[in-house]
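Please keep the structure open while reading.

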Amino acid sequence: MASQQQLDAIKGAKVLMVGAGGIGCELLKTLALSGFQDIHIIDMDTIEVSNLNRQFLFRQSHVGQSKAKVARDAVLKFRPHINITAHHDNIKSSDFDVDFFKKFDVVLNGLDNLDARRHVNRIRLAAGVPLVESGTTGFLGQVAVHVKDRTECYECYPKPAPKSYPVCTITSTPSKFVHCIVWAKDLLFAKLFGDKNQENDLNVRSSDGASSSEHTDDIFELRNDEDIDCYGRRIYDHVFGYNIELALSNDETWKNRTRPKPIYSSDVLSNNQQNGNLDKSCSSSDVALVSTMATLGLKNPQEVWNLAENSKVLLEALKLFFMKRQKEIGSLTFDKDDQLAVEFVTAAANIRAASFGIPLHSLFEAKGIAGNIVHAVATTNAVVAGLIVIEAIKLLNKDLENVRMTFCNEHPKRKMLLMPVEPFEPNKTCFVCSKTPLTLEVNAPHTKFRDFIEKVVRAKLGMNLPTVMKGHFLLYEDGNDLDEDERQKYEANLEKVLSKLPSPVIGGTSIVVEDLNQTLSCEINIKQREEFDEEKEPEGMVLIGWLQAPTDTENKASVQNGESTSGAGTDQVMPLEIAEDEEAEVNAVSKKRNFSEISNSSVSHPLTGNDKTSKNKEVILEDEGDDLIVLDHLNSEMAKKKRLV
Ligand SMILES: Nc1ncnc2c1ncn2[C@@H]1O[C@H](COP(=O)(O)OP(=O)(O)OP(=O)(O)O)[C@@H](O)[C@H]1O
Ligand SMILES: [Zn+2]
């Protein structure tokens, strides 16, 4: 039960919610049912059919309509007397500036991407409004509280980069199905159907000159007057047969590995074997409906196809792309919602897997891996939304001692689902909340200003509309309100090296980079450095003070397994997780234990390696079967636990 003080704080609060998706729908409902009366909600999206299974405020009839507006209307039906203002807009719009943010007592994020989260973090810092940040992936979730000068901000510690794999594992020595998927999607699919000018490491590396990219470029082109079936078989034999033979010729590689088996189309399919019934798909004029499963009569996406079926799917898909979607060839990128692309990638990955002795997978599984799909769990969103409201109430009551960052874990055997820890302190060297100057080591006479803008200002500092100044000298500005002369002047600067700019940027000088839209300004001191390690510092610049997110393939060339396109994808979960050894420790917990036993052991920040010892000692965990337990910190003296199911 909330106290009268809490109820008063709730009633009088003005709340900004950003995102009306999986978490947002739950959050709006929970806010309304908890007594909040003045809620603004911002979402730029419209409702899609795929949202309906978990974004329960939306119905089939709402598809295509604004999420923010439909969510508002749905909640007003059962709470007609409260004020909900819906904005169908991007949070990055200049309408939502610092003055807009200042109107609110607290900001609650239910977003799904780093860019928007960073943007909110920066503006709410400038406005001095606390933020409750959240994210879910499948059964995992996190809620964090960010209060200016009291806790870390969203950008105090770097976020994990998407999972990536060393190029040689992908091109030469795959050992897991995901390696085959990355090869099929990012190399083979991209080579055949994507931008021809893009770099592509498709070929198996070998000392043999025949494997040079020059040779393979010709191989992948459809030749004049070449029959499409012959083309398909030629590609098949090249990538699954010839390239594997080439790789095998390097004995060193296979000393401690299982040797792959070359596969030629004639080994699997008879030479004159007719593939599917193209007529079945020819009747469709809608490219979205073009599918090899339809033409080959394969019905169940959960079934694992054998090698012959995969081979037929691959050749058929290639043929359908050339016959039905010719116009797109050269500009296609893999899309998990493109059925034909998923069929092609599944089949190619499976044939490669067969060659390397890796178990084959169904289209359903392959699609999940290729699209980085972690299926959203509505319950996680609901639990996370509840936690957001609990933390928001603490903030409104100025109960900063008891705000918690909470992890929602997936450990059915553990008797603990939610793990609260005290928030981390602000990082004193954070360029966002501590305004600490950064240092850039750079070879000024050799580095183009354009590289600095792209690689440092946009990619690392996350600025969208940057301005670069040296003293009072404006070197660069971005935005729609520039006149043609200014635009040309800045374009010309981009082509210059740093030391040849109208006001030279050289060692010992300092520049100020700003994004007025984000109310963020950052000073960068320039330090001249002549030499950079090509492997470790490929950009030829090192930004000191900006924390690089660690990846498991650091310092290796890598092929990324794509960015998640799903709201529940990798980018959604925030970067803190309980360390593995902590898990083991908690698993060993007997039937009844004091939370302090857990919290006195350290919870490690996996990104920085910092250890954080939680001093939260008030909560007792008991054996509650497999019930869900939420730790109640609203009133620390009572140290209650509540059962949710
Ligand atoms: N810059 C932004 N401005 C406003 N809303 C945003 C912005 N970026 C993301 N959002 C919204 O945040 C919500 C995130 O919700 P969720 O993670 O459930 O994603 P989804 O797009 O609804 O679902 P999925 O991607 O899984 O189909 C989305 O509704 C999205 O429109
Ligand atoms: Zn910070």
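## Overall make-up

Helices (H or I, at least four residues) and strands (E, at least two) are DSSP runs, numbered from the N terminus. By that rule the protein has 21 helices and 22 strands. The model is predicted: local features need pLDDT of at least 70, side-chain atom pairs count only at pLDDT 80 or more, and totals for chains, interfaces and linings use all residues. Residues are numbered from 1 along each chain as its sequence is written, while chains are lettered from A and ligands numbered from 1 in the order in which they are written.

Of the 645 residues in the protein, 40% are buried. Buried means 20 or more other C-beta atoms within 10 Å of the residue's own, exposed means 12 or fewer, and partly exposed lies in between, with C-beta atoms placed from the backbone. Contact means that the C-beta atoms of two residues, placed from the backbone, lie within 7 Å. Among contacts between residues at least 6 apart in sequence, 69% join residues at least 24 apart.

## Annotated cysteines

An unreviewed UniProt entry lists Cys168 under "active site". UniProt positions follow the numbering used here, feature names are shortened, and annotations may be inferred rather than shown by experiment. Cys168 sits in helix α6 (residues 167–171). Cys168 counts as partly exposed because 16 other C-beta atoms lie within 10 Å.

Under "binding site", the unreviewed entry lists Cys153, Cys156, Cys430 and Cys433. These four span 281 residues in sequence, yet no two of their C-alpha atoms are more than 8.5 Å apart, so they gather at one spot. Cys153 is in the loop between β6 (140–146) and β7 (164–166). Cys153 has 25 other C-beta atoms within 10 Å, so Cys153 is buried. Neighbours within four places in sequence aside, Cys153 contacts Asn121, Leu125, His146, Pro426, Cys430, Val432 and Cys433.

Cys430 belongs to the loop between β9 (418–421) and β10 (438–442). With 19 other C-beta atoms within 10 Å, Cys430 is partly exposed. Leaving aside neighbours within four places in sequence, Cys430 touches Cys153, Glu155, Cys156 and Thr436.

## Packing of α14 on α15

Two packed helices are described by the angle between their axes and the distance between the axes. Axes are lines fitted to C-alpha atoms, for helices over the stretch in contact, and angles run from 0 to 180 degrees between N-to-C directions. Helices α14 (residues 307–324) and α15 (residues 339–355) pack at about 140°, with axes 8 Å apart. That makes α14 oblique to α15. Angles under 35 degrees count as roughly parallel, over 145 as roughly antiparallel, 65 to 115 as roughly perpendicular and the rest as oblique.

The contact includes Leu307, Leu314 and Phe321 of α14, and Leu340, Phe344 and Ile351 of α15. By class, the contact of α14 with α15 has 13 nonpolar, three polar and one charged residues. Here Ala, Val, Leu, Ile, Met, Phe, Trp, Tyr, Cys and Pro count as nonpolar, Asp, Glu, Lys and Arg as charged, and the others, Gly among them, as polar.

## Packing of α9 on α14

Helix α9 (residues 228–248) and α14 pack at an angle of about 130°, with their axes 9 Å apart. The two are therefore oblique to each other. The contact is made by Ile228, Asp229, Gly232, Arg233, Ile235 and Tyr236 of α9 and Leu314, Leu315, Leu318, Lys319, Phe322 and Met323 of α14. Eight nonpolar, one polar and three charged residues make up the contact of α9 with α14.
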